[in-house]
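Please keep the sequence and the model in view while reading.

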Amino acid sequence: MLKIIQTPVRFYPFIGGVEKYVYYISKELAKYDDCKVKVICANEPNTIEHENYNGINIQRLKYYGKIANTNVTLSLPKVLYAEDFDIIHTHIPTPWSSDWSNIITRIKNKPLVVTYHNDIIGTGIADYIAKFYNSTTLKLLLNKADKIIITQNDYINSPHLKNYKEKITTIPNGVDTDIFKPIDGPRNNNQIFFLSVLDKFHKYKGLDYLLEALVKVKNNIPDIKLVVGGKGELLDFYKSKTEQLGLTDNVEFKGFLTDEEVIKCYQESELFILPSISSLQEGFGIVVLEALACETPVISTTIVGVSDDVINTKSGIIIDPKNVEMLEDSILRILTDKEMIETMGKNGRELVKEKYEWKKISESIHKLYEELL
């Protein structure tokens with residue numbers, strides 16, 4: 001029996017790219033007869049401390065505040081040390097959980113796998129902390145890692161990974177097309193969907209630029225509707241900006257959405273937009289895959305991991321980051337051509353089924369574990 005411990009800083013029902021990644025690979029790995037998967041994480045949002053969900057054994061620990069978007073779980077070292085495991089799979093960009101995974105695997109002489117989702121950066125004081133961490137503790141972590149997984153080839157160029165190319169492998173993110181799928185019937189006319197955590201850390205998702213683009217789009221499509229999913233400390237900031245731009249009637253802030261509600265928004269919208277602006281922070285853009293699986297065309301930027309495939313399969317439009325004019329033109333081009341919406345949608349789902357099914361991705365990770373052991 002292969003005993004795997006996953007150590008994301010947070011886990012389901014917390015919504016985020018890393019959390020979705022860990023959830024789906026754990027769910028698929030738990031289906032293997034020779035795999036036993038446990039996730040140890042912070043208890044955010046506050047929920048059951050111990051449970052088994054979809055075959056995954058989950059232990060959520062009390063945390064004492066956050067440093068640079070990382071929950072500090074003081075009991076983690078003791079809990080990890082007490083575990084009987086064959087391999088730990090941890091995740092960057094969240095220190096603490098990954099660093100203690102490093103220390104415990106060193107003590108127990110066990111393999112460590114790191115998925116490097118994106119670089120660790122910050123603003124203000126957090127930037128100084130990030131730079132210090134990157135030049136010290138991160139190096140210790142990457143030195144120890146037996147394998148480093150990146151989700152897109154471009155991340156091989158990260159300055160922090162340049163000395164570790166011989167142990168880096170690319171395994172992309174994925175999507176479950178049995179869950180994320182289109183529905184029969186018409187979509188909501190001229191509806192756009194955007195999904196992210198609405199906090200300072202996730203400003204790189206580019207909602208500011210999307211709101212600015214809508215001002216001109218509204219001149220051509222007066223009933224344009226943007227549905228924003230997600231909550232966070234910047235929710236009121238974005239609501240205020242929407243009012244200032246004269247878009248109150250055109251933007252609906254839905255707050256936190258359940259999995260079912262997220263899927264419904266993908267299915268009912270004619271377009272999904274992820275206008276990410278930071279190649280250092282945007283690891284992949286898993287929400288783009290989810291939209292494509294629901295046959296929803298996408299607009300995203302060149303820094304998103306699936307951007308080349310979107311271009312090659314004509315399943316959406318890829319633009320330069322921070323280019324409001326390109327974003328305006330792309331929105332108008334898609335929403336004013338219903339035939340294009342349908343064609344792009346079908347192309348997107350074909351792409352996902354061919355290349356980005358979680359089952360195929362979990363097979364690659366399972367094989368990687370076996371090779372290490």
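Six strands form an open sheet in the order β13-β12-β11-β14-β15-β16, and their pairing is parallel. Strands here are DSSP runs of E with at least two residues, helices are runs of H or I with at least four, and both are numbered from the N terminus; two strands pair if DSSP finds at least two bridges between them. The edge strands, β13 (251-255) and β16 (316-319), each pair on one side only. On average, neighbouring strands of this sheet are turned by 20° against each other, direction ignored.

The model is predicted: local features need pLDDT of at least 70 and side-chain atom pairs count only at pLDDT 80 or more, whereas totals for chains, interfaces and linings use all residues. Residues are numbered from 1 along each chain as its sequence is written, and side-chain values use heavy atoms, with hydrogens and water left out.

| Strand pair | Sense | Bridges |
|---|---|---|
| β11 (residues 191-195) and β12 (residues 225-229) | parallel | 5 bridges |
| β3 (residues 50-53) and β4 (residues 56-61) | antiparallel | 4 bridges |

Strands β3 and β4 form a hairpin with 2 residues between them, and Asn-54 in the turn has a positive phi of about 50°.

Helix α4 (residues 125-135) and helix α5 (residues 137-144) pack at an angle of about 40°, their axes lying 3 Å apart. The axes are lines fitted to C-alpha atoms over the stretch in contact, and angles run from 0 to 180 degrees between N-to-C directions. The helices α4 and α5 are therefore oblique to each other; angles under 35 degrees count as roughly parallel, over 145 as roughly antiparallel, 65 to 115 as roughly perpendicular and the rest as oblique. In their contact (heavy atoms within 4.5 Å), Tyr-133, Asn-134 and Ser-135 of α4 meet Thr-137, Leu-138, Lys-139 and Leu-141 of α5.

The whole structure holds 3 cavities of 30 Å³ or more. A cavity is a set of points on a 1 Å grid over the protein atoms alone where a 1.4 Å probe fits but cannot get out, and lining residues have an atom within 4 Å of a point. The largest cavity contains about 50 Å³ of space, the volume being that filled by probe spheres set on the points, which are joined across faces, edges and corners. Its lining includes Ile-40, Cys-41, Ala-42 and Trp-96. Strand β2 (residues 35-42) gives the largest share of that lining, 3 residues.

Technical notes: 1 Å grid on protein atoms, 1.4 Å probe; cavity = no way out; pocket = protein on both sides within 12 Å on 5 of 7 lines; lining within 4 Å.
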